Structure formats: C-alpha cells, structure tokens
Amino acid sequence: MIYPSLTIDPGGSIRSPAANCGLYGLKPSTGRLPLIGCAAYVLGCETIIGTLGPISPTFSGVELFMKTIIKSKPWVHDSMMLPIPWRDQEKHIHLDNKKLTVGVMWTDDVVTPAPAVTRALKEVVERLKLVDSIGVIEWKAYQQKEALEILVSGSYHFSYQCELN
C-alpha cells in the first residue's frame, strides 16, 4: 500500500505539485481538516487561510486519508472545524436526483489563465457536458478588481501603521 503525504495549501501547494508530478491531490475547504499542532508562518493572518490536504499516487489514497480524518470527528477538539461528517461521493453528488452543477470561471478580470490552462478547461467542460447528470455554467467573478484594491490598500495601511509603532 502506498500512503498519502500531507501538505498545506494557501495558494497551490497541493494542487500544483500533484498536477506536475502525476499525483492525486485534494485541497479541502478551509476548516475541513484540523490545523492543531501545525506550525504556521502567518499565525493570526486570516486574509489567506491555508488548509491541509493529501497528495497520493492513487485516488483511493486520498479518499482513505479524508475518510479516516473526517470519521474521527476532529471538530470535537478544534472549534475552527466544520462539523460535517464524511459523505459517500455518489450519494452526495446525486442528492434528490438533481444534477451536479459545475461552475467554470474563464477569467476573474484581473488574471487570465495561460493558453494551456484555458485549453485544458475547455477540454474538461466539453467532457462534463457529455455527462447527463452534470450541468455546466459559466461563473462570472464579482467585483474582483475592487476586492483586490481593498485588500491591497488595507495591507498598505496596516503595514504603514506597524512601521510607525
């Protein structure tokens, strides 16, 4: 048996190595896996919250890791956790016989993906549209430029005030 490894992902540290090395990686939602005992280089910085996730040479390794952690109910010991039990993938996706809807964002109007990424997204969308139980919609970014300006201006004011003190 090949065991998965664990890494933290505030911005691609699970997904990028997995994609570049032909591995399976999962970046769960923030608050899905416990961070108790993990060293954090940005403790108290809640602008970009990292999340733990597995990387494995097999999909079943990722699934085994997630099932094991979630079934241990880590939210009992960590109040930052989402108290959501493990759900079987098939049953969860086809809840009430509704279609799974997948949103695709081609650009956030700040950063446009490289042509290779856009081509890969188009291929995925084409294949998803062939599955009857999946619907595909275009997802539009909402005021991304304005949000970035607020974030950057807030960081500037915060760092400026820290330098004054």
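## Briefing on a predicted chain

D109 sits in the loop that runs between strand 4 and helix 4. Its backbone stands out: phi of D109 is near 70°, a positive value in a residue other than glycine. The model is predicted. The chain has 165 residues, and 19% of them count as buried. The points below go from the overall layout to single residues and pairs.

**Overall layout**

- The chain holds five helices and five strands.
- In sequence order, these elements follow the pattern β-α-β-β-α-α-β-α-β-α.
- What share of the contacts with a separation of 6 or more comes from residues 24 or more positions apart? These residues account for 67% of such contacts in the chain.
- The accessible surface of the chain is about 12,500 Å². Carbon and sulfur atoms supply 59% of that surface.

**Loop between strand 4 and helix 4**

- This loop links strand 4, residues 100-104, to helix 4, residues 115-128, and V111 lies in it.
- D109, the residue with the positive phi, belongs to this loop too.
- Is V111 buried or exposed? V111 counts as exposed, because its relative accessibility is 54% and the cut-off for exposed is over 50%.
- V111 is also part of a nonpolar patch on the surface, together with V110, L148, L151 and V152.
- Taken together, the residues of this patch have about 400 Å² of accessible area.

**From strand 5 to helix 5**

- Strand 5 covers 134-138 and helix 5 covers 144-164, with Q143 in the loop between them.
- Q143 is not a glycine, yet its phi is positive, at about 50°.
- How many salt bridges does the count give? The count comes to one.
- That salt bridge joins K140 and E138, and their closest N and O atoms are 3.7 Å apart. The pair qualifies because the cut-off is 4 Å.
- Side chains of opposite charge can pair when their charged atoms come close.
- Both partners are exposed: K140 has a relative accessible area of 63%, and E138 has one of 54%.

**The aromatic pair**

- How many aromatic pairs does a search of the whole structure find? The search finds one.
- The partners are Y24 and F59, and their arrangement is edge-to-face.
- The ring centres of Y24 and F59 are 6.2 Å apart, with 70° between the planes.
- Why does this pair tie together separate parts of the chain? Y24 lies in strand 2 (residues 24-25) and F59 lies in helix 2 (residues 59-71), so the pair links parts that are 35 residues apart in sequence.
- Y24 is partly exposed, with a relative accessible area of 41%.
- F59 is partly exposed as well, at 46% relative accessibility.

- L23 is found in the loop between helix 1 (15-21) and strand 2.
- L23 has a relative accessible area of 33%. That makes L23 partly exposed.
- Which residues does L23 contact, leaving aside its neighbours within four places in sequence? L23 is in contact with A18, I55, S56 and P57.
- L23 and P57 are 34 residues apart in sequence. In space, their C-alpha atoms are 4.8 Å apart.

**S56 in strand 3**

- S56, one of the contacts of L23, belongs to strand 3, which spans residues 51-56.
- S56 is buried because its relative accessible area is 1%, and the cut-off for buried is under 20%.
- A polar atom of the S56 side chain lies 3.1 Å from the backbone oxygen of T58.

**R87 between two helices**

- R87 is found in the loop between helix 2 and helix 3, where helix 3 covers 89-93.
- R87 is partly exposed, with a relative accessible area of 43%.
- R87 and K71 are 16 residues apart in sequence, and their C-alpha atoms are 9.8 Å apart in space.

Notes
Residues are numbered from 1 along each chain as its sequence is written. This is a predicted model: local features need pLDDT of at least 70, side-chain atom pairs count only at pLDDT 80 or more; totals for chains, interfaces and linings use all residues. Side-chain values use heavy atoms; hydrogens and water are left out. A salt bridge is a side-chain nitrogen of Lys or Arg within 4 Å of a carboxyl oxygen of Asp or Glu. Buried means under 20% relative accessible area, exposed over 50%, partly exposed in between (1.4 Å probe, protein chains only). Patches are made of residues with over 30% relative accessible area and no salt bridge: like charges are joined within 9 Å, nonpolar side chains (Val, Leu, Ile, Met, Phe, Trp, Tyr) within 5 Å. Accessible areas come from the Shrake-Rupley method with a 1.4 Å probe; for residues, only the protein chains shown count as cover. Helices (H or I, at least four residues) and strands (E, at least two) are DSSP runs, numbered from the N terminus. A polar contact is a pair of N or O atoms within 3.5 Å; within protein, one must be able to donate a hydrogen and the other to accept it, and residues adjacent in sequence count only if both atoms are side-chain atoms. Rings of Phe, Tyr and Trp (its six-membered ring) pair if their centres lie within 6.5 Å; planes under 30 degrees apart count as stacked, over 60 as edge-to-face and the rest as tilted. Contact means heavy atoms within 4.5 Å.
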